[in-house]
Amino acid sequence: MADSDVGGRTVSNRRLIEAAILLVLVLLPLGSGRLFSDFYIALTLRILIFGILMLGFDLLAGYCGLVSFGHAMFFGTGAYVAALSWRYLSDSVWVGMLLGLGLNAVIGYVLGLLVVRTRTVYFIFLTFAFSQFFFVTANSWRLIGGTDGLTGIPAPTLVPGISLGDRIPFYYFSLGMLTIAYWVARRIVNSHFGRVLRGIHQNEERVKFLGYNSPLLIRRVFLISGLFGSVSGTLMACFQPFVPPSYYHLSLSGEFVMMGLLGGMGTLVGPLMGTAIVIFLGDFLSTWLKEAWMLCLGGLYVVCVLFSPEGLTEIISKLSATRLLSKLFGRGDRHTSGN
Amino acid sequence: MLLRTENISLNIGGLQILRDLNLEIAEGKITSIIGPNGAGKTTLFNVITGRMSPTRGQVWFKDKNIVGLSPFRIARLGIARSFQITNIFERMSVFENVCIAAQTNFPYRSSIFSQVSKDVATSRKAEEILELIGLEQMKNRRARELSHGDQRRLEMGMSLAIEPVFLMLDEPTSGMSPAETAATIDLIRSVGEKVTICLIEHKMNLVMTVSDKLIVLNLGGKITEGSPEEVASDERVQKIYLGTA
Ligand SMILES: Nc1ncnc2c1ncn2[C@@H]1O[C@H](COP(=O)(O)OP(=O)(O)OP(=O)(O)O)[C@@H](O)[C@H]1O
Ligand SMILES: [Mg+2]
């Protein structure tokens, strides 16, 4: 039973698979242009970038049980702030990233004070309303490009001499960021804080009567979750040299929710899988089906819900042919200690 | 006196649920609150633990008025409670349920930087509690898979794991088999040697053997109080409560 497994076997298996996936991702650019076109590197990059945001999304929605329908606000802010700093301040990627993190920390702190008063559907509405505010502001504020957004953003440098406008350095930079984000998220999940988060998800009242200030902890995870989104937005501003107001749009926030639900939340790995599926499938299907691909995604989602309310990770862990994967995606860490 | 209520009244929508309650809980003793269904026993617990605010009155805990404090602050003062309807983390393992309570004793209780896998102190405390409540065999089972009686014991274990000064138990043996009830009585007795306990109970034999003092409530008001013998011989009590039991 993976369910209540608190032992070391599952963990070491997971480490093995994590290392294997990392190795594949590290080697991937070598095949580009030989085994497959550079287009697939670009597609993978989108997964790496959105994956960072989805890890944060999972901490909030999957572990703490608060589904945000406005996560695009952190993403958009991370993108806008970085783009502006690269244009006007410094071409260092770090300056843009830190400024984005700084502003998003303020946003996460202030909005956290407000959203913490709500739960469930009201939380969804409130986060949606706030991100809509950002969308309208970005859309109408001339100084940051209004409807056109920011265009012609200069490529930042990693260190003087290494431009992130070049595909290969940027790929490894993004992979590095995702790896760090995954490591951080995993540590948070396995911390004492992470344990209390799962407690809040299952029974907030009990958590309070044990002596935990649950609103404070919810504000904390909301802020942290926003910081993951910020890094993701900054990387996106680097990947595509323009930042449109649609980075704040509801449809993007909705896509995050979809990615999370598809992969199975509260596992960290699930939302990453969901991201990969939505991006790959979205790309293939949209060439054939144009606008209707979203419908297909919706269909896939319905199938998921019918067969397993916990998303693809659960379906996979049910298939005996994929024992190995089930070790990786074992729902154990969702309900028990994790490690 | 460890805890004292002063003229606690609670009105909800024109109904007076608690009436001018003046109660005293002596340190180191086991005090039981009895009374018929709907007497206001659980509501009194809710007022003391911050789940509800009284319309009037004060609750003094070690000479500090705790009315108006949120439940988590009251819990941190050392007041632990269990609920009439079992209140646990159903999808966590039994061990995790106890750990999440036990880790509150340490400064890193909700730290982002500490790792639970390296936290020997919490694990040791949790093992100790599991042994005390007799659930060490069930350690890795999910809480929702336990029998009703075991879940009630688990909840009591969680309350004990926060190392309270004052333990409030709302019908800890409800729905338990006679054997489980007997084991729980023993547990309450042994815990009562170190911790002040306040108990809500319907099982009269349990109440009579385990309590140092009884408080009888009816319709939100205090009828009488005293030692089990005094209360048992009280006419009003026999009429409203013991007579129907
Ligand atoms: N939130 C509330 N709103 C309205 N009425 C309430 C509320 N909570 C409790 N009551 C009423 O207050 C009275 C006392 O309820 P309480 O649960 O405290 O009784 P009790 O003594 O614990 O009974 P039991 O032995 O059945 O558990 C009941 O009549 C109940 O209907
Ligand atoms: Mg009751």
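Here is a friendly conversation about a predicted model with chains A and B.

Trainee: Which residues coordinate the magnesium ion (ligand 2)?

Mentor: Let's start in chain B, where the donor atoms sit at 1.9 to 2.1 Å from the ion. One donor is an OG1 atom and the other an OE1 atom. The residues that carry them are Thr42(B) and Gln84(B).

Trainee: How many residues apart are Thr42(B) and Gln84(B)?

Mentor: Thr42(B) belongs to helix 1 (residues 41-48) of chain B. Gln84(B) lies in the loop between strand 6 (79-81) and helix 3 (94-102) of that chain. The pair therefore links distant parts of the chain, and the separation is 42 residues.

Trainee: Is Gln84(B) buried, partly exposed or exposed?

Mentor: Buried would need under 20% relative accessible area, and exposed would need over 50%. Gln84(B) has 33% relative accessibility, so its class is partly exposed. Thr42(B), at 23%, also counts as partly exposed.

Trainee: Now to the two chains. How much area do chain B and chain A bury between them?

Mentor: In this interface, 40 residues of chain B are in contact with 34 residues of chain A. Of the buried area, 55% is on carbon and sulfur atoms. The total comes to about 3500 Å².

Trainee: Which residues of chain B lose the most area to chain A?

Mentor: Three residues stand out here, and together they make up 20% of what that side buries. They are Arg91(B), Ile112(B) and Val116(B).

Trainee: How many salt bridges does the rule find across the interface?

Mentor: Glu205(A) forms a salt bridge with Arg51(B), with the closest N and O atoms 2.6 Å apart. For salt bridges across the interface, the number is 4.

Trainee: How do the residues on the side of chain B that touches chain A divide?

Mentor: Helix 2 (71-76), helix 3 and helix 5 (148-161) of chain B each give two or more residues to that side. By residue type, the division is 16 nonpolar, 14 polar and 10 charged.

Trainee: Which residue's backbone oxygen does the side chain of Trp86(A) reach?

Mentor: The distance is 3.0 Å, and the partner is also among the contacts of Trp86(A). That residue is Ser92(A).

Notes
Residues are numbered from 1 along each chain as its sequence is written. Chains are lettered from A and ligands numbered from 1 in the order in which they are written. This is a predicted model: local features need pLDDT of at least 70, side-chain atom pairs count only at pLDDT 80 or more; totals for chains, interfaces and linings use all residues. Side-chain values use heavy atoms; hydrogens and water are left out. Donors are N, O and S atoms within 2.8 Å of the metal (3.2 Å for Na, K and Ca); water is not among the atoms, so sites may look incomplete. Helices (H or I, at least four residues) and strands (E, at least two) are DSSP runs, numbered from the N terminus. Buried means under 20% relative accessible area, exposed over 50%, partly exposed in between (1.4 Å probe, protein chains only). Contact means heavy atoms within 4.5 Å. Buried area is the accessible area (1.4 Å probe) that two parts lose on being put together, summed over both. A salt bridge is a side-chain nitrogen of Lys or Arg within 4 Å of a carboxyl oxygen of Asp or Glu. Ala, Val, Leu, Ile, Met, Phe, Trp, Tyr, Cys and Pro count as nonpolar, Asp, Glu, Lys and Arg as charged, and the others, Gly among them, as polar. A polar contact is a pair of N or O atoms within 3.5 Å; within protein, one must be able to donate a hydrogen and the other to accept it, and residues adjacent in sequence count only if both atoms are side-chain atoms. Lists of a residue's contacts leave out its neighbours within four places in sequence.
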